[in-house]
Amino acid sequence: LDDVIDLIIPRGSNKLVSQIKESTKIPVLGHADGICHIYVDKSANMDMARRVIMDAKTDYPAACNAMETLLVHKDLMETNGLNELVAGLQNEGVMLYSGPKVGSIMEIPQAGSFHCEYNAMACTVEIVDDVRDAIDHINKHGSAAVFHNASTRFCDGARFGLGAEVGISTSRIHARGPVGVEGLLTTRWILRGSGQVVDGDRGVTYTHKDLPIAL
């Protein structure tokens, strides 16, 4: 029914979204896996880091804005910071899986893939060289929003002030991340004149300002 339906917004699993995209010509505002990351730098306030990490993973593990991968600066291995974060997650009942670097120094099962949305009390832990290494990793495997010193759980339409969250988009365009009604709207231009013509724009200087809308 692509002649009468303009847009489909599926809410459900990645498998559901993929199936709909593959079986219709109608545009689909869909989401892929919500692979949310937290990076802990060597200069981080560890008390704050622990609080943010625990909230991001344990507040609602099944949500698409829960942390799925924890990236830790390599220097935190020497300061015991990595061990403290790992122990804190395990004490909360989180099952940990390791990336290749963590797996070589800790007895944690190897993660099958960095591109895994657990939707459960589980996450992947990996070591990175620095913030640029973390950014490269997140760009390759991560989702849409970027937060500083805050839980990933804030990535939400209501918390962003969008009203009812009608969809979550991991597409590149046009809407990205949580989408409210405004993110679904197109623009219609209405011009009111009194006989003006373009005439090649001769002698015309365009100025622009906001005007009240008169319906």
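**Charged pairs, a nonpolar core and buried faces**

Modeller: Let's start with Asp2 and Lys25, which form a salt bridge with their closest N and O atoms 3.9 Å apart. Asp2 sits in the segment before α1 (14-22) and Lys25 in the loop between α1 and β1, so this pair links distant parts of the chain, 23 residues apart. Keep in mind that this is a predicted model.

Biologist: Why is the contact of Asp2 with Lys25 called a salt bridge?

Modeller: The rule asks for a side-chain nitrogen of Lys or Arg within 4 Å of a carboxyl oxygen of Asp or Glu. The closest N and O atoms of Asp2 and Lys25 are 3.9 Å apart, and therefore the pair meets the 4 Å limit. In general, side chains of opposite charge can pair when their charged atoms come close.

Biologist: What makes Lys25 count as exposed or buried?

Modeller: Exposed means over 50% relative accessible area. Lys25 has 70% relative accessibility, so Lys25 counts as exposed. Asp2 has 42%, which lies between the 20% and 50% cut-offs, and Asp2 is therefore partly exposed.

Biologist: How many salt bridges are there by this rule?

Modeller: The count comes to nine. One of the other links is a network of salt bridges that joins Asp47, Arg50 and Glu84.

Biologist: What does Lys101 pair with?

Modeller: Lys101 meets Asp129 in a salt bridge, with N and O 3.9 Å apart. Lys101 belongs to helix α4 (residues 100-103) and Asp129 to the loop between β4 and α5, so this pair ties together parts that are 28 residues apart in sequence. Lys101 also forms a salt bridge with Asp133, again with closest N and O atoms 3.9 Å apart.

Biologist: Why are Lys101, Asp129 and Asp133 called partly exposed?

Modeller: Their relative accessible areas are 38% for Lys101, 36% for Asp129 and 23% for Asp133.

Biologist: How do you know that the buried residues of α5 line one face of the helix?

Modeller: In α5 (residues 131-141), the buried residues are Ala134, His137 and His141. Viewed down the helix axis, they fall within an arc of 65°, so they line one face. The face turned away from this buried side carries the exposed residues Arg132, Asp136, Asn139 and Lys140.

Biologist: What covers the buried residues of α5, and what happens at the start of this helix?

Modeller: The cover includes β1 (36-40), β2 (67-73) and β4 (122-128). At the start of α5, a side-chain oxygen of Asp130 comes to within 3.2 Å of the backbone nitrogen of Arg132.

Biologist: What puts the buried residues of α3 on the same side of that helix?

Modeller: Those residues are Gly81, Leu82, Leu85, Val86, Gly88 and Leu89. Their arc around the axis is only 160°, which puts them on the same side of α3. Among the elements that cover them are β1, α2, β2, β3 (95-98) and β4. Just after α3, Gly93 takes a positive phi of about 90°.

Biologist: Which residues touch the most other members of the largest nonpolar core?

Modeller: That core has 24 residues, and Ile38, Val40, Ile53, Leu70, Leu89 and Leu96 touch the most other members. The elements giving two or more residues to this core are β1, α2 (46-58), β2, α3 (81-91) and β4. α2 gives the most, with six residues. As for Ile53, leaving aside neighbours within four places in sequence, its contacts are Ile38, Val40, Met67, Leu70, Leu85 and Leu89.

Biologist: What makes β1 and β2 count as paired strands?

Modeller: Pairing needs at least two bridges between the strands. β1 and β2 have five, in the parallel sense, and so they pass. Ile38 stands opposite Leu70 in β2, and seven of the seven residues of β2 are buried.

Biologist: Why is Tyr97 called partly exposed?

Modeller: Tyr97, in strand β3, has 25% relative accessibility, which is not under the 20% cut-off for buried, so Tyr97 counts as partly exposed. Beyond its neighbours within four places in sequence, the contacts of Tyr97 include Ile108, Tyr118 and Val125.

Terms used. Residues are numbered from 1 along each chain as its sequence is written. This is a predicted model: local features need pLDDT of at least 70, side-chain atom pairs count only at pLDDT 80 or more; totals for chains, interfaces and linings use all residues. Side-chain values use heavy atoms; hydrogens and water are left out. Buried means under 20% relative accessible area, exposed over 50%, partly exposed in between (1.4 Å probe, protein chains only). Helices (H or I, at least four residues) and strands (E, at least two) are DSSP runs, numbered from the N terminus. The arc is that of the directions from the helix axis to the C-beta atoms. Contact means heavy atoms within 4.5 Å. A polar contact is a pair of N or O atoms within 3.5 Å; within protein, one must be able to donate a hydrogen and the other to accept it, and residues adjacent in sequence count only if both atoms are side-chain atoms. A nonpolar core is a set of buried Ala, Val, Leu, Ile, Met, Phe, Trp, Tyr and Cys residues joined through side-chain atoms within 4.5 Å.
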